[in-house]
Amino acid sequence: MKRIVSTICSTIIISTLMMSSAWASPIASWDYTVDGAFINWSTTVGTSGDYSSPVQGITTNVADYKYLTYDLDAGVPVPPGTYAEGYSKLSWGDYIWSGPGPVYSQVPGASLSSIGIIASSGTLITDGPASLGMQLYHDNNVILGGSIQLESGMVRAILQLTPSGFPPLPVFSTTLDFLFFETPNGTPTESDVFVLLNPEVTEETFHYYGVDYVFSFGGSFGLIPDAYLALLGLPAGSVGWITTENALTTHDTFVSITALPTPEPSSIILMGLGLLGLFGLRRHARA
């Protein structure tokens with residue numbers, strides 16, 4: 001009986017040591033990119049546009065065109081919502097509606113307002129400080145009275161993480177969707193608003209080679225004030241930020257990654273010995 005128990009004990013300890021030696025260690029650092037595009041928008045004269053038909057009155061440039069996507073596994077179709085095709089900047093204020101009908105006139109040299117996206121990339125350290133993510137800005141200027149203005153626009157941003165030094169195929173990606181609202185001037189709610197439509201992605205957990213990681217946009221967004229919720233018909237708890245009238249407002253997002261704790265090898269060994277003890281007690285009770 002002693003020999004059997006001894007053999008079982010040796011087997012459990014050896015197996016446990018083998019498991020602990022092969023236990024996954026967290027990835028130390030990750031290469032990341034965050035970029036985005038305005039994928040559709042609407043104007044104050046009732047027209048709407050996207051990458052294929054920008055609509056007159058909203059200025060776009062070929063240099064600002066972007067097509068962004070990711071694929072977690074070569075050959076697998078990209079799921080809906082995981083691409084962005086549009087422009088990194090939209091401008092308005094140099095077209096006026098001279099109706100009746102859709103007749104527009106451009107005023108060369110007119111002052112413009114704009115919204116834009118500044119991409120970011122770099123290296124994230126696991127359990128390290130937050131790094132700068134994508135930036136969104138609104139350059140709000142005094143523009144022509146009666147000009148065609150942006151009413152709202154949707155931004156889709158795509159983030160990708162890849163272990164540093166590994167092949168470029170990302171192991172984790174996510175999308176962030178924002179809506180920008182240009183609100184009426186001369187009112188208590190005249191400041192324009194960026195709203196994050198999918199706040200659940202501000203903290204996500206993913207599994208990679210035996211370790212669970214938490215990716216976070218923590219601290220990047222604040223609650224939208226109640227007056228704006230009522231004006232825009234947004235649900236309670238909506239997050240984003242408010243811009244400033246007649247000024248350039250730039251909002252930085254911040255990204256970080258942490259590794260969730262994994263059992264220490266000594267804990268695994270103690271667990272194995274505990275199971276051995278239960279086995280011995282059961283054998284003794286049967287005897």
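Guide: Helices (H or I, at least four residues) and strands (E, at least two) are DSSP runs, numbered from the N terminus. This is a predicted model, in which local features need pLDDT of at least 70 and side-chain atom pairs count only at pLDDT 80 or more, while totals for chains, interfaces and linings use all residues. Residues are numbered from 1 along each chain as its sequence is written, and side-chain values use heavy atoms, with hydrogens and water left out.

Visitor: What is the relative accessible area of D127, and is D127 buried or exposed?
Guide: D127 has its place in the loop between β10 (120–125) and β11 (131–139), and its phi is near 65 degrees, a positive value in a residue other than glycine. As for its accessibility, D127 is exposed, with a relative accessible area of 51%.

Visitor: Among contacts in the protein chain between residues at least 6 apart in sequence, what percentage join residues at least 24 apart?
Guide: The protein chain has three helices and 19 strands, and of its 287 residues, 42% are buried. Among contacts (heavy atoms within 4.5 Å) between residues at least 6 apart in sequence, the share that joins residues at least 24 apart is 68%.

How values were computed:
Buried < 20%, exposed > 50% of the residue type's maximum accessible area, 1.4 Å probe, protein only.
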